[in-house]
Amino acid sequence: MGLLAKLFKALNSDSSPWQLALGFALGMVMGLTPLLGLHSLLLLFIVLFFRVNVTGFLVSWAVFSLLSIPLSMMLSNLGEALLLNEGLQSVWSVLYSSYIGQLSQFYHTLTLGSLLTSIVLFPFILIASKKLIEQYRQRFMQWVNQWRVVQFIKGSNFYQLYQAIGS
Amino acid sequence: MKSIIRLPGLIAFFVMLGLMAATSIIFMDYWIKLVAEKSLANTTGAEVNIASVEHSFSPFGITLNNIQLTDPKAPLTNQFEAESVAANIDLAPLLLRKLIIDDLTISGVQLGSLRDSKGDVYREPSEELSQVANIFADAKEMLSVDDILAKSPLKTTKAIEATQAVYIKHSETLQQQYAALPAKDTLADYQKRIKALTETDYKDPIKLAAAKKEFDKLQQEILKDKKRLNDFKQSVGQAKNELSPQLMALKVAPGQDYEQLKSLVAGDADAIKDVTTLVFGEQVGEWSQYALAAFDIVGPMLKTQGQIEEQQLAYAGKWISFDDTSALPDLWIKKAQISLQWQQENIISHWQDITHQHDVLGRPTVFSVNSSKSSLWQSLILNGDLWLSQSGAKAKQSWALSGLKLSELNLVSQEKLTSQLNSGLLSSTGKASLNGEAVSGDGSIDLKRLIIKATGTNKMTNIVADTLNQLKSLTINTDIGGTIGNLDLSFSSDLNKQIGSALLSNVGAEQQTKLNELKQKLNKKTEGMLGDNNHQLSQWLVWEKVADGDLSSINDLLEAKLNNVIDETKDKLKKKLFDKFLG
């Protein structure tokens with residue numbers, strides 16, 4: 001409820017569409033990839049240090065975490081195919097012997113498959129999110145604000161509290 | 001325009017990192033304890049207890065205190081117990097998933113120590129029959145001589161079978177060959193025809209030429225018969241050579257069987273079958289456990305590899321390994337010192353280069369024990385090395401222990417027989433090797449200055465007890481076999497013979513009658529066979545003699561020549577021609 005209220009607040013606020021879109025895109029990477037890994041630490045650093053919308057990041061992380069469950073086998077197979085590819089063996093061997101390679105855990109099939117997939121998807125999700133946020137603000141924001149459920153959320157203590165903190 | 005960075009976020013990031021690090025450090029000891037207990041329990045299949053874990057950062061090291069590994073075969077005892085295991089670990093290679101331990105010290109190791117409480121067993125060990133179960137039970141009903149003969153693997157039976165086999169193998173061939181030999185009439189006919197051809201006065205050259213042709217044909221026939229005789233002689237010689245030693249073996253087999261079986265008639269066969277193992281097996285097995293402790297350490301290392309690979313096939317991706325160029329094995333203990341506690345003595349073993357990837361390291365694990373300063377023994381030397389690779393394990397070790405003082409050792413504690421070694425001196429040498437999972441080797445254990453106190457409760461066990469009480473020295477030979485984690489030790493000595501002799505000197509009237517019956521029945525088994533086969537051999541010898549005579553006659557026949565007659569006729573013709581020319 002609180003997270004949803006924050007999302008509505010962010011969508012309706014004057015936050016830059018890029019900030020929100022970056023939050024969604026980075027949340028997608030976080031959600032599709034395994035939690036334990038160097039990439040997760042890097043994502044957290046980016047989200048916290050740069051002005052990325054945290055609410056968008058958290059919502060996207062939750063949604064893509066759920067999506068990753070049925071996709072995990074496919075992502076793992078992709079990673080395995082890449083790791084076992086004859087032409088890439090020399091690259092993997094060099095990486096395997098390096099500290100950064102070991103820390104990245106690239107030799108884990110699901111990590112590699114999901115990370116590469118999410119990196120490929122990243123620009124598409126980023127741009128699509130930005131467009132959707134812009135479209136939402138231009139065409140639907142006023143209409144959505146009239147929904148009873150939205151008015152109920154806006155009237156809740158949570159929303160009032162976030163509004164107060166945010167202003 | 002707002003800045004694209006936010007400093008509070010950076011602070012939050014580092015606070016979060018700090019919290020994670022602090023949590024790891026606070027709970028590190030507990031997590032290590034949990035992980036170590038779980039992994040060791042997976043390996044051994046029984047409860048593992050670690051009292052506490054400590055760590056230090058400079059140098060980075062971990063110490064596990066009071067480790068107890070429950071013996072799954074006997075949950076009230078520990079398979080392995082150590083006061084502490086301390087390891088100094090290189091941190092940098094850990095990032096490359098390489099566990100490099102500079103120095104490992106395992107102190108206060110005890111094998112087979114008692115536990116405070118029964119340990120849980122997670123994986124039931126395979127059943128092993130107790131070697132000492134049901135020995136010297138109440139005497140069974142005495143077997144009849146016929147039963148003993150039927151159940152025992154007799155040399156007599158084997159010798160009879162072997163003799164029959166030789167007879168069957170040659171008999172038919174020899175009979176056929178003998179039947180094909182030239183008869184006496186044939187030889188007489190040859191002689192008559194040769195005489196007729198050589199003694200005729202040939203005036204007509206045409207008749208002479210015909211006689212020459214017939215003579216040549218006759219010679220060919222005689223040569224064929226000569227070949228038959230030679231072949232027959234060769235076959236007889238071969239049969240004789242094969243049958244003679246079998247007949248010799250057949251003659252001595254009943255005596256050998258009697259020697260083997262007489263102790264069975266005199267006493268309980270099962271009880272004296274392997275008395276060395278029954279009396280000394282348990283104790284020697286325990287000593288061997290110490291001597292071969294190195295192989296027990298290798299075992300879990302080999303088995304753990306397989307288990308890790310199985311776990312990697314689980315859901316949520318796989319870990320793929322690549323040839324790394326770091327030239328470091330995944331696990332490498334550069335130097336280790338293991339202190340094994342035995343009675344009041346500490347046996348310290350030194351290890352170098354412990355790993356399971358010797359191909360990567362390029363040198364074997366070497367271990368040694370060299371202890372000469374002890375109140376319990378004069379000297380103890382143990383050396384060995386091992387090499388584990390993808391193709392399997394190879395290891396070897398040798399030991400030499402001299403002058404180990406033994407005292408108050410319980411040997412057998414059975415209802416019918418109790419035996420205790422009050423004092424003695426033990427010396428042992430031996431070697432063992434490991435190839436793949438198969439262990440092989442041998443050793444000898446010399447026991448001297450023995451003082452054994454044994455007590456029996458029936459006639460049989462009284463004799464065994466008396467023999468043990470009189471025993472002053474004994475050499476036990478040990479054969480080591482089996483596989484890692486499931487060693488198969490067998491023991492032999494002349495104790496069985498000593499007890500067998502003691503039993504024979506105490507036979508009663510009934511047993512003496514049986515012994516006589518045994519001797520008689522064994523001799524009877526061979527009597528017929530020896531008679532038949534001797535007759536057969538005699539027959540073959542007669543045939544050989546006949547063949548010799550015939551061969552001699554044939555050789556004489558072949559010496560006869562028609563050339564003289566031809567030459568004489570030629571001379572006569574020449575003379576006639578000269579007379580006509582010269583007028």
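Which residues have the most contacts inside the largest nonpolar core? I looked this up in a predicted model, where local features need pLDDT of at least 70, side-chain atom pairs count only at pLDDT 80 or more, and totals for chains, interfaces and linings use all residues. Residues are numbered from 1 along each chain as its sequence is written, and chains are lettered from A in the order in which they are written.

**Cores**

I found B:Phe280, B:Leu434, B:Val464, B:Leu468 and B:Ile476 with the most contacts inside the largest nonpolar core, which has 33 residues. Apart from that core I noted another of 22 residues, including B:Ala41, B:Leu69, B:Ile100 and B:Trp332. A core here joins buried Ala, Val, Leu, Ile, Met, Phe, Trp, Tyr and Cys residues through C-beta atoms within 7 Å. Buried means 20 or more other C-beta atoms within 10 Å of the residue's own, with C-beta atoms placed from the backbone.

**Chain B**

I read 26% of the 583 residues of chain B as buried. Chain B has 14 helices and 14 strands, taken as DSSP runs (H or I, at least four residues; E, at least two) numbered from the N terminus.

**Helix pair in chain A**

I then turned to helix 2 (residues 17-32) and helix 7 (residues 109-145) of chain A, which pack at about 150° with axes 8 Å apart. Axes are lines fitted to C-alpha atoms over the stretch in contact, and angles run from 0 to 180 degrees between N-to-C directions. Helix 2 of chain A and helix 7 of chain A are therefore roughly antiparallel (angles over 145 degrees).

Technical notes: Buried ≥ 20, exposed ≤ 12 C-beta atoms within 10 Å, placed from the backbone. Parallel < 35°, antiparallel > 145°, perpendicular 65-115°, else oblique.
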